[in-house]
Amino acid sequence: MSPRAKSAPYRALVTGGAGFIGSTLVDRLLAEGNAVDVVDNLSTGSLSNLAEARTVGAGRLHFHQLDVRSSDLVDLMARRKPEVVFHLAAQADVRVSVADPVLDAEINVVGSLRTLEGARAAGARKVVFASSGGTIYGDVDKLPITESAPQRPLSPYGVAKKAVSDYLFAYRELHGLEYTALALANVYGPRQDQHGEAGVVAIFAGRLLSGDPCLIYGDGKQTRDFVFVDDVVDAFSRAAERGSGLLCNVGTGTETSINELYAAMARSAGVNQAPIYVPGRPGELQRNCLDPGRASIHLGWKPWTNIDKGTAAVIAAATIAAQAG
C-alpha cells in the first residue's frame with residue numbers, strides 16, 4: 001500500500017455502525033483519534049460488536065438507536081454535525097429485496113435520502129457510501145469487473161444501490177456535498193453473522209467448529225471475490241479524504257471458488273470432512289470478481305489479506321467466541 005499522510009481528527013457518523021462491517025469501521029476511526037456517532041436500529045447489528053469501541057472510545061463514541069428511515073435522523077445529524085458520514089445501514093438480503101421490493105426501497109433508498117439530507121443539514125463535507133459490487137453490475141462477461149462496466153442490476157437490492165449512487169451525484173451537483181461510493185465485493189471476517197446474507201465464510205466457520213457438515217450449493221465451482229473486513233475498512237478510512245466523486249471497487253481482483261474456500265477453511269479448522277453438495281440455487285451468479293485498480297490509484301488502497309490468512313482469523317475468532325459462550 002502507498003504511504004498515507006495522517007489527517008487531523010474529525011467527527012464521523014456511521015450508519016449501521018453496530019453491524020459487522022460498520023463496527024469494524026468504528027474501531028478503525030476511533031483508533032485514528034476521531035470522534036464517532038453510531039446510528040443503528042439494532043435490527044441486525046448488535047451492541048456487543050461495539051464493546052471494544054466503548055472502551056477505546058470513551059468520551060468519543062456516542063450511540064443512537066435510530067432507524068435511517070426516520071425523519072429524526074436529519075435532526076440528529078444537524079445537531080451532531082459530523083464532518084464525514086459513512087453510510088452502511090442497509091437491507092442487505094437480495095432474496096428479501098425480491099420478495100418485498102417496497103421494504104427494500106424504503107430502507108435502501110428512502111433511508112439513504114434521509115442520510116443525505118442529514119449530511120446536508122449538518123454541513124458535512126463528505127458521504128462515503130457502501131455500494132454493492134456483487135449486484136450493481138449484474139451479469140458481466142468480462143472479469144474482473146471494472147467501474148466502467150454497464151450497471152444492469154438484476155435485483156431490487158442492486159437497483160436501490162445504483163439509485164443511491166445517482167442521488168449522490170445529484171447532491172454533489174446541487175449542494176456541493178462530496179461523496180465516494182465503494183462497490184464492495186464479498187466481505188468476510190470476525191463478527192459476521194453466520195445467519196446473514198452472503199455470509200458463507202461465517203456459515204462454514206460455525207459448522208466446521210460444531211462438527212456439522214457444510215453444504216455447498218451446486219458443484220462448488222462458482223467463484224466470488226472474498227475481501228477481508230480489515231482491508232475494507234481501510235478503504236473506507238482512506239475515502240474520507242480521497243476519491244471524491246468516484247465509484248471505486250473494493251475487492252481483491254481474484255476469483256476464489258466455493259470449493260477452494262471450503263478447503264482453506266477446513267485446513268484452518270483442522271477438519272478432514274468432505275462437504276455435502278446440494279442442488280444449486282436458481283439465479284445465482286456463476287462468477288464474480290472486481291478489479292480494484294481505481295481504488296489503488298485514487299485511494300492508495302490495495303488488499304493485503306489472502307484467503308488463507310483471512311479465513312484463519314475467522315476460525316480463530318469463532319473458536320474464542322464458542323469457548324466464551
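This is a predicted model: local features need pLDDT of at least 70, side-chain atom pairs count only at pLDDT 80 or more; totals for chains, interfaces and linings use all residues.
Close-up 1. The axes of helix α3 (residues 72-80) and helix α5 (residues 101-122) come within 8 Å of each other and cross at roughly 30°. Angles under 35 degrees count as roughly parallel, so α3 is roughly parallel to α5. The crossing of the two helices is right-handed. On the α3 side, the contact is made by Leu73, Val74, Met77 and Ala78. Arg114, Thr115, Glu117, Gly118, Ala119, Ala121 and Ala122 make it on the α5 side. Sorted by class, the contact of α3 with α5 has seven nonpolar, two polar and two charged residues.

**Close-up 2. The largest nonpolar core and a second, separate core.** The largest nonpolar core has 65 residues, of which Ile21, Val26, Phe86, Leu182, Leu184 and Phe236 touch the most other members. Apart from its neighbours within four places in sequence, Ile21 is in contact with Leu88, Leu184, Val187, Val229, Val232 and Val233. The second core consists of 17 residues, including Tyr188, Phe204, Phe226 and Val314.

**Close-up 3. The cis peptide bond between Leu143 and Pro144.** Omega of this bond is about -5°. Pro144 is in the loop between β5 (126-132) and α6 (156-175).

**Close-up 4. Leu42 and Lys81, residues other than glycine with positive phi.** Phi is near 65° for Leu42, which is in the loop between β2 (35-40) and α2 (51-56). Leu42 counts as partly exposed because its relative accessibility is 23%. Phi of Lys81 is near 50°, and Lys81 lies in the loop between α3 and β4 (84-87).

Technical notes. Residues are numbered from 1 along each chain as its sequence is written. Side-chain values use heavy atoms; hydrogens and water are left out. Axes are lines fitted to C-alpha atoms, for helices over the stretch in contact, and angles run from 0 to 180 degrees between N-to-C directions. Helices (H or I, at least four residues) and strands (E, at least two) are DSSP runs, numbered from the N terminus. Angles under 35 degrees count as roughly parallel, over 145 as roughly antiparallel, 65 to 115 as roughly perpendicular and the rest as oblique. A crossing is left-handed if the near helix is turned anticlockwise from the far one by less than a right angle, and right-handed if clockwise. Contact means heavy atoms within 4.5 Å. Ala, Val, Leu, Ile, Met, Phe, Trp, Tyr, Cys and Pro count as nonpolar, Asp, Glu, Lys and Arg as charged, and the others, Gly among them, as polar. A nonpolar core is a set of buried Ala, Val, Leu, Ile, Met, Phe, Trp, Tyr and Cys residues joined through side-chain atoms within 4.5 Å. Buried means under 20% relative accessible area, exposed over 50%, partly exposed in between (1.4 Å probe, protein chains only).
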